[in-house]
Amino acid sequence: MTLFNKTISAILPFIPRTFAKPFASRYVAGVTVDEALNVIQKLNDSGFDVTLDILGEHTTSSNKTEEVTLAYKELYNRISAAELDCNISLKLTHLGLGFDDKLAEINLLRVLESALQQNNFLRIDMENSPYTDRILKLYHRCLEKYDRVGFVLQSYLIRSTGDLEKNLGEKLNVRICKGIYLEPAEIAFQDREEIRESFISLVKMILEGKGYAAIATHDLYIIDTLETWILNKNIQSNRYEFQMLYGVPTKGRLEELRDSGHKVRVYVPFGEEWYAYSVRRMKENPNLAGYIIKNLFHR
Ligand code: FDA
């Protein structure tokens with residue numbers, strides 16, 4: 001981590017919201033549902049699918065988890081009514097995991113019910129390592145009720161190959177990402193190349209089996225390597241998708257992938273908690289500060 005990133009991440013929490021907004025707004029599709037739906041419509045019109053996330057995590061009151069659960073349920077209705085190509089990604093700590101695990105399970109199953117009613121898909125994001133087992137367990141609870149549900153594995157976690165092996169099968173729909181939290185060397189690869197190799201190997205394992213892979217990265221080396229492998233192996237385009245975060249610059253690669261006939265999905269976060277979210281992200285991984293500053297000057 002450079003001194004620059006360290007300094008920026010240390011001062012960002014003290015920057016007033018008004019000044020911080022430009023830092024975050026590139027990555028966040030507004031505060032209200034209407035603003036988010038507007039962004040999704042534009043992305044759909046340009047040929048991109050979307051996964052929508054209400055910003056927030058680590059909820060510590062039952063009232064708040066109720067509010068979040070109802071908001072997610074309503075979101076499925078709004079997506080259907082507007083006929084958008086959009087599913088939902090959520091964080092289980094937002095629904096109460098870590099605060100009241102039983103409540104989080106009940107809330108998750110209620111959101112899943114709306115996904116089922118609207119015949120839409122639900123992705124459970126992966127959070128930091130104290131939650132990995134609990135998240136995988138709740139994913140399996142969902143799978144008992146509805147199979148249009150997926151989870152996420154982080155390629156920096158040494159355990160991910162084992163977790164994938166346990167879940168290989170036709171119903172498997174897994175997003176592979178590098179992992180955004182700081183994890184210790186006992187459980188996580190620290191070397192960039194090892195994390196990349198693990199990422200590539202996890203995606204190949206899924207596609208050599210019967211599962212569906214969501215390839216979530218902006219790392220052009222990984223994207224190029226996997227695209228070439230997919231084409232050489234003649235993997236059907238309905239077996240995978242590329243995913244990227246809203247607002248992250250990709251030097252036109254997003255559009256190239258779309259134009260080459262691959263499905264590309266943009267992860268779009270929105271909501272009132274944009275400020276807390278940005279600051280927390282920055283504290284957890286100060287390297288992100290560098291990206292944000294870079295983006296500010298690109299604008
Ligand atoms: P890397 O960090 O090496 O970035 C590659 C290049 O992309 C960099 O050189 C940089 O230029 C650019 N870049 C990357 N991130 C940027 C940013 N925020 N702003 C500007 N430029 C950026 N993590 C997790 O733990 N659980 C999860 O559920 C998810 N879900 C998820 C969904 C989707 C669709 C994506 C794309 C990512 C996630 N992640 C995640 C985050 C993921 O684990 C990882 O931290 C980031 O994607 C950054 O890693 P890259 O693979 O992009 O590589």
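This is a predicted model: local features need pLDDT of at least 70, side-chain atom pairs count only at pLDDT 80 or more; totals for chains, interfaces and linings use all residues.

Me: How much space lies in the second largest pocket?

Reply: Start with the volume: about 410 Å³ here.

Me: Which residues lie nearest the centre of the second largest pocket?

Reply: Look at the lining next. There are 24 lining residues, and Asn87, Phe121, Arg148, Asn173 and Arg265 are the ones nearest the centre.

Me: What does the lining of the second largest pocket have by class?

Reply: Sort the residues into classes and count. For this pocket you get 11 charged, seven polar and six nonpolar residues.

Me: Now for Arg175. Is Arg175 buried or exposed?

Reply: Check the relative accessible area against the cut-off: under 20% means buried. Arg175 comes out at 6%, so it is buried. You'll find Arg175 in strand β5.

Me: Which side chains does a polar contact join to that of Arg175?

Reply: For this you look at pairs of side chains and their distances. The Arg175 side chain has a polar contact of 2.8 Å with that of Gln243, and another of 3.0 Å with that of Ser89.

Me: What else is Arg175 in contact with, leaving aside its neighbours within four places in sequence?

Reply: Skipping those sequence neighbours, the contacts of Arg175 include Thr51, Arg123, Asp125, Phe151, Leu153, Ala214 and Tyr267.

Terms used. Residues are numbered from 1 along each chain as its sequence is written. Side-chain values use heavy atoms; hydrogens and water are left out. On a 1 Å grid over the protein atoms alone, a cavity is a set of points where a 1.4 Å probe fits but cannot get out, and a pocket is an open set with protein on both sides within 12 Å along at least five of seven lines; lining residues have an atom within 4 Å of a point. Grid points are joined across faces, edges and corners, and a volume is the space filled by probe spheres set on the points. Ala, Val, Leu, Ile, Met, Phe, Trp, Tyr, Cys and Pro count as nonpolar, Asp, Glu, Lys and Arg as charged, and the others, Gly among them, as polar. Helices (H or I, at least four residues) and strands (E, at least two) are DSSP runs, numbered from the N terminus. Buried means under 20% relative accessible area, exposed over 50%, partly exposed in between (1.4 Å probe, protein chains only). A polar contact is a pair of N or O atoms within 3.5 Å; within protein, one must be able to donate a hydrogen and the other to accept it, and residues adjacent in sequence count only if both atoms are side-chain atoms. Contact means heavy atoms within 4.5 Å.
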